[in-house]
Amino acid sequence: MWARGLSGGAGEYTSEDYQKLLEENAIGFSPDLDKDNFYISVKTLSENLNLAIDLTNIAIIKPAFTENDYARIKSQTLTGLKKEDENE
């Protein structure tokens, strides 16, 4: 659940503000994980590289999870697990 929460708010940025900054600056930020590994993929234009690194750093060091973020991520995770069970 932590990886999914990284794409939410960070530091002093709300989830909406953080996503807007990424979008306005053509920064793709995709945290993911599998059974053994945690990944962060960041794609951006070279002119926005420093901002992309700063925003990634903030997301890792100061993730901002609200109760609503936690509830949303928990629901998504449980739904995904149920679908996996149904497909097996």
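Modeller: Quick term first: contact means heavy atoms within 4.5 Å.
Colleague: Fine. What kind of model is this?
Modeller: This is a predicted model, where local features need pLDDT of at least 70, side-chain atom pairs count only at pLDDT 80 or more, and totals for chains, interfaces and linings use all residues. Residues are numbered from 1 along each chain as its sequence is written, and side-chain values use heavy atoms, with hydrogens and water left out.
Colleague: What pLDDT does the chain average?
Modeller: The average is 82, and 89% of the residues score at least 70. pLDDT is the predictor's confidence in each residue, from 0 to 100.
Colleague: Which element has the lowest mean pLDDT, and which the highest?
Modeller: Helix 1, residues 2-5, has the lowest mean, 50. Helix 3 has the highest, 92. Where pLDDT is low, the predicted coordinates should not be read in detail.
Colleague: How many helices and strands does the chain have?
Modeller: Four helices and four strands. Along the sequence the pattern reads α-β-α-β-β-α-β-α. Helices (H or I, at least four residues) and strands (E, at least two) are DSSP runs, numbered from the N terminus.
Colleague: At what angle do helix 2 and helix 3 pack?
Modeller: About 155°, with the axes 11 Å apart. Helix 2 covers residues 15-24 and helix 3 covers residues 49-61. Axes are lines fitted to C-alpha atoms, for helices over the stretch in contact, and angles run from 0 to 180 degrees between N-to-C directions.
Colleague: So is helix 2 roughly parallel or antiparallel to helix 3?
Modeller: That angle makes helix 2 roughly antiparallel to helix 3. The cut-offs: under 35 degrees is roughly parallel, over 145 roughly antiparallel, 65 to 115 roughly perpendicular, and the rest oblique.
Colleague: Which residues make the contact?
Modeller: Helix 2 brings Tyr18, Leu21 and Leu22. Helix 3 brings Leu55, Thr56 and Ala59.
Colleague: Is Thr56 buried or exposed?
Modeller: Thr56 is buried, because its relative accessible area is 13%. Buried means under 20%, exposed over 50%, partly exposed in between (1.4 Å probe, protein chains only).
Colleague: What does Thr56 touch?
Modeller: Tyr18, Phe29, Ile40 and Val42, not counting residues up to four places away in sequence.
Colleague: What about the whole chain: what share of the residues is buried?
Modeller: Buried residues make up 24% of the 88.
Colleague: And the contacts: what share joins residues at least 24 apart?
Modeller: 53%, among contacts between residues at least 6 apart in sequence.
Colleague: Back to helix 3. How exposed is Leu49?
Modeller: Leu49 lies in helix 3. Its relative accessible area is 43%, so Leu49 is partly exposed. The C-alpha atoms of Leu49 and Asn25 are separated by 9.7 Å, and these residues are 24 apart along the chain.
Colleague: New topic. Where is Ala26?
Modeller: Ala26 sits in the loop between helix 2 and strand 2, residues 28-33. Its phi is near 55°, a positive value in a residue other than glycine. Ala26 counts as partly exposed, at 43% relative accessibility.
Colleague: Last one. Where does Glu12 sit, and is Glu12 buried or exposed?
Modeller: Glu12 is in the loop between strand 1, residues 9-10, and helix 2. At 63% relative accessibility, Glu12 counts as exposed.
Colleague: How far apart are the C-alpha atoms of Glu12 and Ala64?
Modeller: 7.9 Å, for residues 52 apart along the chain.
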